[in-house]
Amino acid sequence: MAAKEPFGKAETCNYIDTFVTNIWTSIWICAFIGLITYLTFKSFKKRQKVSKFNADSATINMTLEFKSTFNQFSETDHIRMTNESQNEKAEIYTKQIVEDTKIALAEHQQDCTLEVLSAIKNNNVSLSAEIKSIGTRLYESHKEYLMYTRQMALEQHQQDCTTEVLLTTNALRETMDAEKNEVINEIRILKQTEHPMATVRDDYSRQRDEFREQLIGFYRTTKITVSVSPLFEGRDKPIWNIFVQPILNYITIEKDGYRKKAGNAVQQYKDVFYSHGNLNRRVFVQGEPGMGKSTFLTKLALDWCEAVSMHNPEHKASFSDVATLNEFQFLFHISLRDAYGQREVIEMIKTQIIDLIYMGNKRKKTFKLLNQILERETCIVSMDGLNEWADPLNKYTVPVLANCYAKCVSLISSRPWRMADERIKDSEIDRLLEIQGITDPDKLTKQIINSLHSADQTTYTKFIEYVKARHLKPFLTSPWLQTLLISLWMNNKDWNGSLCEINCILLDLLFKKANAKEGYFRKGTTFTCLSNTSYIEPQNEILKALANAAFRFTFSSEKSLVFSKFELRNYMSEDQLKFCLDAGLLTVLCNSTVSLGSQLMSFPHETVQEFLAALHVANSKMGEIESLLIEHMYNVLEMSQIIIYLCGLDCGIANALINRLTDGDFFNDMNHAFSTYIAHFENIKLEAFNTDYKAIGNIQKSKDRWDNDSRILAVSFLFQRMMIAGFIEAKASGQMDICLKCRDFTFNTYLNESESNALCSLLMFNKSDVRTLILESDILQKSELLTVLQQSSHCLQRVKAKVVPAIHRAFNNLKLQELHLIGRLNVPSVFDMLTSMSNLRYLFIEDSTCNEEIPIPATLKYFDLKNITCSDVFLQKLLVQLSLLKQFKAVQFEMCNMNVSDCKRSIFQSDPLPIDMSHFYVTIKQSSIDMYSLLRCTPIVNMRLLTAVDAALASDILLVHSNLENLNLYGTYTGLCDLHLPASLHCVSLQTGECSSEWLCSLLIKLSELDHHVECELCNFVVQSRGEDCGTDSTIHVSDVRSKLLSCDMSNIEILVKNGIEELFEIFRDTSIGILDLINDDCVSHTSDILPTLSKLKELYLWGTYTGHCALQLPASLKCIMLLICKCSSEWLCSLLIKLSELDYPVDIVLLDIVVQSDGVDCDAHSNIRASDLRSKLVSRDMSNILICVGNGSKELCEIFRDTSIRVVHI
């Protein structure tokens, strides 16, 4: 058999045809993808750089170019050589396409992304059609090529051609696959821009983090050091080598507005920024000058840097929980002293931080970023020196931080007197802290000495001995004064402790800094504190000009600590100004928002400005000062530091200024305040004002926020402290004739030893004109006390003192009005003393034993016994004497912590004492059960129980008090009311305290059981909400008690509400109350939807101010409505009368003391129109069923009644 051919013609042709067809199909697909990608990006590249080309045209041109190349490729005579050449060209061409594509992507990826996507989407349809057309033409060309290739392949070396084609195709396929994947990845990246927010977020995060890094660097560059010498501000040291932890105390704001120091101190940052787990929006840190407020805020900024960035081993945080600061993404520290003329915090941040970090366009971009940061991130904005900032428009009390920045904490430092501004609402203070110096003054002393000198322990010991020898220990409580004192000591300066002298030393050193020429004041030509200076005299005119400027800025309409260069030029020449700047007597504040000609300036410290102002006053004629004081009103406490300096310069002028800043009303208020204090006022309420002369200087008499008695009493104490400081300064300055006049003296526990000694000396200077003498310590010698009692017998009004036999006689025949005796009484001596006092109205006996009868002056109105042990006979005789006091309508008798010895119960277990006690009130607090037993048979008519414990002890004896008419309760009450109320009771008054709803319901049930009219007064009692009750069982009891209350007949009960909350009025819903007395408009608003449910309400009494439309929903049972002391608009009164006319039975309205606003006083034109419409409606109504009784009428009120059918009766 002949050998068979490997394959026949037909078979060979079929194989080659199929194989070559598959190869070229792959080639064309890869080339097509690359070309389409290239054409698309090349089209947009040309559009970006030159002009916008039509995408379809560019694609067709490229396609034709490719077709031309293909035709040239297919017309080659020798297929193998042509294939090799064309394959190389195709590979080079494809690589070039890919490179061009990558370059286009790199150059225009970010700028053209959105445009590319938009164009791709817009040209998608046309591009798809064109691709389809190109594909068709390629398919036809491909068929022609295949036919030609098949024919040529049969004629030439088929196996070699096939191998070559396979190798070339594989290489090209690998190259195209790699480039295709890269292009696909680039396209995928571009497609992600269809969700641009992700990119925006990435950009924000990147910019935010960059800004934070810059901010940290800014703080670590500009805040890393602190000055260690007030004499040389440039002498700074690393803050962590100097810083000592501050003493930060909580100031709590009570419900009644009192600000009280809490006993515990702040120990962690979380206690500053969080309350009960919630972020505080506003935190205030108050403190006196030089206590370390600014240093604390600066250290806080550095602690924050440490918390959010790399750990620094040398860093010592203020508090242990520095990690708490990591919860805040940003901290912006600004100086309000440098924010002159600015109102918004965001502008201050720009001026003081952003403008100093960035320049040009970057500054603008960062400012835009700042708004996003404050909106999104949790931030701290620390603002230093609220007392040094004022709103240019006098509208805001603190710089404006937009409400949308809900995650920002404002940390604001201030002087205490600024925090007492009544415009700062309690609700705007999330946390109030007070910085009272530093925890370890000795540590600060050592660190400053070490920083200024190569010192050892002996250096520190010598300094302490120096301080003790000159009695300068109080200066170590203020870090600023401590630093100055150390600087003076290190500069070998010796002084006697005078504040005036230390200021003169400071000024002298600053003058020396600018001009080394020496000069001295001649003896007797100037003040003592200036006589020892060495560099001021040659430039005395500069000192006078500077003092004049300080005085003008201090006594201007608004005390200014920052002023412009233009303003300053009114008081000094250009040369003098240059000298002051060179010397450091004035400081230029950095502020990029003002021009060079409007530079802002200030004195080195507020105390320096105040001393210079005092110096000007002391050098001037009093007439000039009088004219300025007449023009502007000042509070004496606001000028306290200037007065203290004046005491050291010239006591006579200081006295004149005090008399000018005070008047008769001021001293009358003080007189009333000390009357309050001597009656065992709650001293703890004064503690918050104890250390600041200016604390309540600008508080107005506002009953809504401050108790007026406590406010004036605090003013009195601060005035005394100012006088003490002035006396100490006068003595230290060598004043010979210290003529400071003072009439009221209180020696209490708030005074340290040096202050007590100074007050004692001040008392002896004024020994013949004393009005108040309160001795709570044994500072006075007996001889001194006797001298005061004798020489002030004509004017002494009140005394509180420990009694000793040696001074009893000195009290005889004194015209005292108030007497508080402490200690065991010598009855015979006291008997003569009290008998001789014809003006005594208040007697307080404390810490004594009383077994014998003492006389009660006929003029007595108040009698208090505290911590007394007495016999039952003494108490019986005392009650008899008090019952004989008929001069006053009400006599107050208070017993606190009374104990009865040798109790003979038979005396009080007989019939009631035959005395009339209807005119005096018996007040009991913390007395024993024996005491209450002895009172069982006393005919008490009016009783006050000051604690819930007293109420529990008195409960059993109340029933036997058949004359008891008025019972006042104080304290906290829960559970069921277990008081046994006597049938004689007419009024129960809940004065101050709180109770559960269950207790109040059960009390009302007991009152409803009385068969006569009874009043229940709710003055300042807080009713706990049901959520505050103990638990499920308590809730069930409340529900049961409330159900019982609804079934009671309460028509005999008159309820008076002074301060009520919603929970209180909900108790009244659906009850059968007969009379309701609402003391203010807030109470009325709470009862608006409850009144209609009171089905037996007959009388409604209203007090307060009412405007707009009357929204009262009157019950159908109402017979009388009485407006007692009210102000209302005509619109409100008209609408009330219309409501009354809708009742189909006679009703009375009593207008006892009402002021109707005229139309001009109403809010706006719309209100006037409404009032006119209501007036027309009122005239058209039948109001013959209404009887009006008018107490105080007015023209506006009568005009409302004109032409109506009301029956009017004038009382």
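User: How should I read the angle between two helices in this structure?

Analyst: Axes are lines fitted to C-alpha atoms, for helices over the stretch in contact, and the angle is taken between their N-to-C directions. Keep in mind that this is a predicted model. Here, helix α14 (residues 441–452) packs against helix α16 (residues 479–490) at about 40°, and their axes are 10 Å apart.

User: Are α14 and α16 parallel, perpendicular or oblique to each other?

Analyst: Angles under 35 degrees count as roughly parallel and 65 to 115 as roughly perpendicular. The two helices, α14 and α16, are therefore oblique to each other. The crossing of α14 past α16 is right-handed.

User: Which residues make the contact?

Analyst: From α14 come P441, L444, T445, I448, I449 and L452, while α16 supplies P479, Q482, T483, I486, S487 and M490. Sorted by type, the residues of this contact are 8 nonpolar, 4 polar and no charged.

User: Let's turn to a single residue. Where does S1117 lie?

Analyst: You'll find S1117 in the loop between β29 (1099–1106) and β30 (1120–1129).

User: Is S1117 buried or exposed?

Analyst: Buried means under 20% relative accessible area. S1117 has 17% relative accessibility, so it counts as buried.

User: What is S1117 in contact with, beyond its neighbours within four places in sequence?

Analyst: Those contacts are L1094, S1095, K1096, L1097, K1098 and Y1145. Take L1097, which is 20 residues from S1117 along the chain: their C-alpha atoms are separated by 5.8 Å. As for S1095, its backbone oxygen lies 3.1 Å from a polar atom of the S1117 side chain.

Technical notes. Residues are numbered from 1 along each chain as its sequence is written. This is a predicted model: local features need pLDDT of at least 70, side-chain atom pairs count only at pLDDT 80 or more; totals for chains, interfaces and linings use all residues. Side-chain values use heavy atoms; hydrogens and water are left out. Helices (H or I, at least four residues) and strands (E, at least two) are DSSP runs, numbered from the N terminus. Buried means under 20% relative accessible area, exposed over 50%, partly exposed in between (1.4 Å probe, protein chains only). Contact means heavy atoms within 4.5 Å. A polar contact is a pair of N or O atoms within 3.5 Å; within protein, one must be able to donate a hydrogen and the other to accept it, and residues adjacent in sequence count only if both atoms are side-chain atoms. Axes are lines fitted to C-alpha atoms, for helices over the stretch in contact, and angles run from 0 to 180 degrees between N-to-C directions. Angles under 35 degrees count as roughly parallel, over 145 as roughly antiparallel, 65 to 115 as roughly perpendicular and the rest as oblique. A crossing is left-handed if the near helix is turned anticlockwise from the far one by less than a right angle, and right-handed if clockwise. Ala, Val, Leu, Ile, Met, Phe, Trp, Tyr, Cys and Pro count as nonpolar, Asp, Glu, Lys and Arg as charged, and the others, Gly among them, as polar.
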